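Have a go at each one before reading its solution.

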Amino acid sequence: MIAGLGIGRTLRDFCRPHRMALVVYDMQAGIVQQVKDGAEITAKVLKVIEAARDGGYPVIFLRHMSMPRELMGAFQLRQAMAWQRTDDPDAVTPWFLRGTPGFEIVPELAPRENEAILDKITFSAFEGTPLSIILRDLGITSFAICGIATEIGIDPTVRHGADLGFVPIVIRDACGAGHQEAAERSFDNIAYMGDAILSDVEEIVGAMRGHPTAA
């Protein structure tokens with residue numbers, strides 16, 4: 001205790017419903033199907049969600065949303081051209097338009113009425129969304145994160161969240177990747193920076209359920 005502050009260091013220090021929320025990143029039908037182990041990641045994410053629900057933890061889903069072509073500016077078109085590997089802006093197709101099947105959260109996870117779904121056009125879950133306001137208003141100081149994809153969206157969300165003063169908890173084996181080597185580099189960098197906690201499904205589910213063996 002320094003100057004009246006309790007400085008959390010372990011998973012158990014933060015894994016309490018009044019201190020930690022669960023952020024489920026981009027588990028959308030059109031994204032999950034692009035990942036080789038999408039079904040396995042979905043099952044692991046569901047296991048974490050079930051533990052969070054049983055323990056009364058806030059659960060917040062993120063969805064990546066495309067703009068209609070008419071509302072894509074220069075940056076969004078450039079980014080879409082890079083992802084879709086085309087040099088022609090007229091050939092760009094918005095992949096995740098609101099209301100299309102690929103935009104929706106996979107049915108296995110089925111967000112509940114008391115859970116938030118936030119839409120974004122950025123890779124950081126904090127940019128352009130009310131996520132930080134929601135967490136601060138609840139008195140939350142930490143967030144656990146799982147979903148897809150590590151190297152694209154989870155990494156920048158963890159970095160951004162830490163810069164905002166939240167302690168990120170990365171559920172490593174419940175984070176899918178489109179490029180495994182890039183994902184491993186992200187994990188290595190997160191570990192090197194030292195302001196996040198790296199966990200796995202078994203450990204965090206145990207902590208959420210109050211198992212005494214959880215770290």
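## Exercise 1: a residue in a strand

Leu 62 is buried, as its relative accessible area is 0% (buried means under 20%, exposed over 50%, partly exposed in between, with a 1.4 Å probe and protein chains only). Keep in mind that this is a predicted model, where local features need pLDDT of at least 70 and side-chain atom pairs count only at pLDDT 80 or more, while totals for chains, interfaces and linings use all residues. Residues are numbered from 1 along each chain as its sequence is written, and side-chain values use heavy atoms, with hydrogens and water left out.

Task: find where Leu 62 sits and what Leu 62 is in contact with.

Solution. Start with the element: Leu 62 belongs to strand S2 (strands are DSSP runs of E, at least two residues; helices are runs of H or I, at least four; both are numbered from the N terminus). Next, list contacts (heavy atoms within 4.5 Å). Setting aside neighbours within four places in sequence, the partners of Leu 62 include Val 23, Tyr 25, Ile 105, Leu 118 and Ala 125.

## Exercise 2: a serine in a loop

Task: is Ser 124 buried or exposed, and which backbone nitrogen does its side chain reach?

Solution. First, locate Ser 124 in the loop between strand S3 (116–120) and helix H5 (131–137). Then check accessibility: Ser 124 has 10% relative accessibility, so this residue counts as buried. Now follow the side chain of Ser 124, which reaches the backbone nitrogen of Phe 126 at 3.1 Å.

## Exercise 3: a helix and its cover

Task: how many residues does helix H3 have, and what covers its buried residues?

Solution. Count first: H3 (residues 38–55) has 18 residues. From first C-alpha to last, H3 reaches 26 Å, close to the 26 Å expected at 1.5 Å a residue (the expected span is 1.5 Å times one less than the number of residues). Then pick out the buried residues of H3, among them Ile 41, Val 45, Val 48 and Arg 53. Their cover includes strand S1 (20–25), strand S2 (59–64) and helix H8 (201–208). Just after H3, Gly 56 takes a positive phi of about 80°.

Technical notes:
A polar contact is a pair of N or O atoms within 3.5 Å; within protein, one must be able to donate a hydrogen and the other to accept it, and residues adjacent in sequence count only if both atoms are side-chain atoms.
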